[in-house]
Amino acid sequence: MHCVMLPDLLGLDKFRPPLLEMLARRWQDRCLEVREAAQALLLAELRRIGQSGRKDTIDAWAPYLPQYVDTVSS
């Protein structure tokens, strides 16, 4: 909980946000404590960056995602 509140307590000029890629990698870690911490921090960071930040993140990651095509409709 303390880490989730850091941006608000320190201010954005003293806070360096966590790397979303690192938190996403730990989303399903074998260790329950690591997994829960990563999930809490990632969700907090996604809330903090807001809708435009989330859109920018999706746009940046989109080229690396697999392209699935529904063979029934095509």
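Leu-6 counts as partly exposed because its relative accessibility is 31%. Here buried means under 20% relative accessible area, exposed over 50%, and partly exposed in between (1.4 Å probe, protein chains only).

This is a predicted model, where local features need pLDDT of at least 70, side-chain atom pairs count only at pLDDT 80 or more, and totals for chains, interfaces and linings use all residues. Residues are numbered from 1 along each chain as its sequence is written, and side-chain values use heavy atoms, with hydrogens and water left out.

**The start of the chain.** Leu-6 sits in helix 1 (residues 2-10). Helices (H or I, at least four residues) are DSSP runs, numbered from the N terminus. With Met-5, Leu-9 and Leu-10, Leu-6 forms a nonpolar surface patch of about 350 Å² accessible area together. Such patches take residues with over 30% relative accessible area and no salt bridge, with nonpolar side chains (Val, Leu, Ile, Met, Phe, Trp, Tyr) joined within 5 Å. The areas come from the Shrake-Rupley method with a 1.4 Å probe.

Asp-13 lies in the loop between helix 1 and helix 2 (20-25). Asp-13 is exposed, at 70% relative accessible area. From Asp-13 to Val-72 is 51 Å, C-alpha to C-alpha, across 59 residues of sequence.

**Helix 3.** Helix 3 (residues 32-61) spans only 26 Å between its end C-alpha atoms, while a straight helix of 30 residues would span 44 Å. The expected span is 1.5 Å times one less than the number of residues. Helix 3 has a kink of about 110°, centred on Gly-50. That bend is the angle between axes fitted to the seven residues ending there and the seven starting there.

The buried residues of helix 3 are Ala-38, Leu-42, Ala-44, Glu-45, Gly-53 and Thr-57. Thr-57 counts as buried because its relative accessibility is 16%. Leaving out residues up to four places away in sequence, Thr-57 touches Leu-20 and Ile-49. Contact means heavy atoms within 4.5 Å.

**Salt bridges.** Side chains of opposite charge can pair when their charged atoms come close. A salt bridge is a side-chain nitrogen of Lys or Arg within 4 Å of a carboxyl oxygen of Asp or Glu. The count is three.

| Salt bridge | N to O distance |
|---|---|
| Asp-29 and Arg-26 | 3.3 Å |
| Glu-45 and Arg-48 | 2.7 Å |
| Lys-55 and Asp-59 | 2.8 Å |

Asp-29 is buried, at 18%, whereas Arg-26 is partly exposed, at 41%. Glu-45 is buried, at 6% relative accessibility. Glu-45 and Arg-48 are three residues apart in helix 3, so about one helical turn separates them. Lys-55 and Asp-59 are four residues apart in helix 3, about one turn.

Definitions and conventions
Patch = residues over 30% accessible without salt bridge, like charges linked within 9 Å, V, L, I, M, F, W, Y side chains within 5 Å. Helix = DSSP H or I, 4+ residues; strand = E, 2+ residues; numbered from the N terminus.
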